[in-house]
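Trainee: I have a structure open and would like to learn how to read it. Could you walk me through the features one at a time?

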Amino acid sequence: MATWKCGTCGFTKEGRCKPQKCPQCQEKGNFEKQE
């Protein structure tokens, strides 16, 4: 399980694969994997 962080608003989400869209700011494909 990885943690993904939105580069626009800082929203974080856990999941196996990269989220398509941020539920908070609606930016698409702006997630980066956190270690």
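Mentor: Happy to! Reading along the sequence, this protein follows the pattern β-β-β. The protein has zero helices and three strands; helices (H or I, at least four residues) and strands (E, at least two) are DSSP runs, numbered from the N terminus. Please keep in mind that this is a predicted model, where local features need pLDDT of at least 70 and side-chain atom pairs count only at pLDDT 80 or more, while totals for chains, interfaces and linings use all residues. Residues are numbered from 1 along each chain as its sequence is written, and side-chain values use heavy atoms, with hydrogens and water left out.

Trainee: What box do the C-alpha atoms fill?

Mentor: Along the principal axes, the C-alpha atoms fill a box of roughly 25 × 15 × 10 Å. Of the 35 residues in the protein, 20% are buried; buried means under 20% relative accessible area, exposed over 50%, and partly exposed in between, with a 1.4 Å probe and protein chains only.

Trainee: How do I read a sheet, and what is the strand order here?

Mentor: Strands of a sheet pair through backbone hydrogen bonds, either parallel or antiparallel. Two strands count as paired if DSSP finds at least two bridges between them. Here you have an open sheet of three strands in the order β2-β1-β3, with antiparallel pairing. β2 (12-15) and β3 (31-34) are the edge strands, each pairing on one side only. Neighbouring strands of this sheet are turned by 35° against each other on average, direction ignored; the axes are lines fitted to C-alpha atoms, and angles run from 0 to 180 degrees between N-to-C directions.

Trainee: How many bridges join β1 and β2?

Mentor: Strand β1 (residues 2-6) pairs with β2 in the antiparallel sense over four bridges.

Trainee: Which residue has a positive phi although it is not a glycine?

Mentor: Most residues other than glycine have a negative phi, and most peptide bonds are trans. In this model, glutamine 26 has a positive phi of about 65° although it is not a glycine. Glutamine 26 lies in the loop between β2 and β3 and is partly exposed, with a relative accessible area of 43%.

Trainee: How many disulfides does a search of the whole structure find?

Mentor: A disulfide is a pair of cysteine sulfur atoms within 2.5 Å. By that test, the whole structure has zero disulfides. For cysteine 22, the nearest cysteine sulfur is that of cysteine 9, 3.7 Å away. Cysteine 22 counts as buried because its relative accessibility is 0%. Cysteine 25 is in no disulfide either, and its nearest cysteine sulfur, that of cysteine 6, is 3.7 Å away. Cysteine 25 is partly exposed, with a relative accessible area of 27%.

Trainee: Is glutamate 32 buried or exposed?

Mentor: Glutamate 32 is exposed, because its relative accessible area is 52%. This residue lies in strand β3. Leaving aside neighbours within four places in sequence, glutamate 32 is in contact with Thr3, Trp4 and Lys5. The C-alpha atoms of glutamate 32 and glycine 7 are separated by 6.9 Å, although these residues are 25 apart along the chain.

Trainee: And where is threonine 8?

Mentor: Threonine 8 sits in the loop between β1 and β2. With 46% relative accessibility, threonine 8 counts as partly exposed. Its contacts, leaving aside neighbours within four places in sequence, are Cys25, Glu27 and Asn30.

Terms used: Contact means heavy atoms within 4.5 Å.
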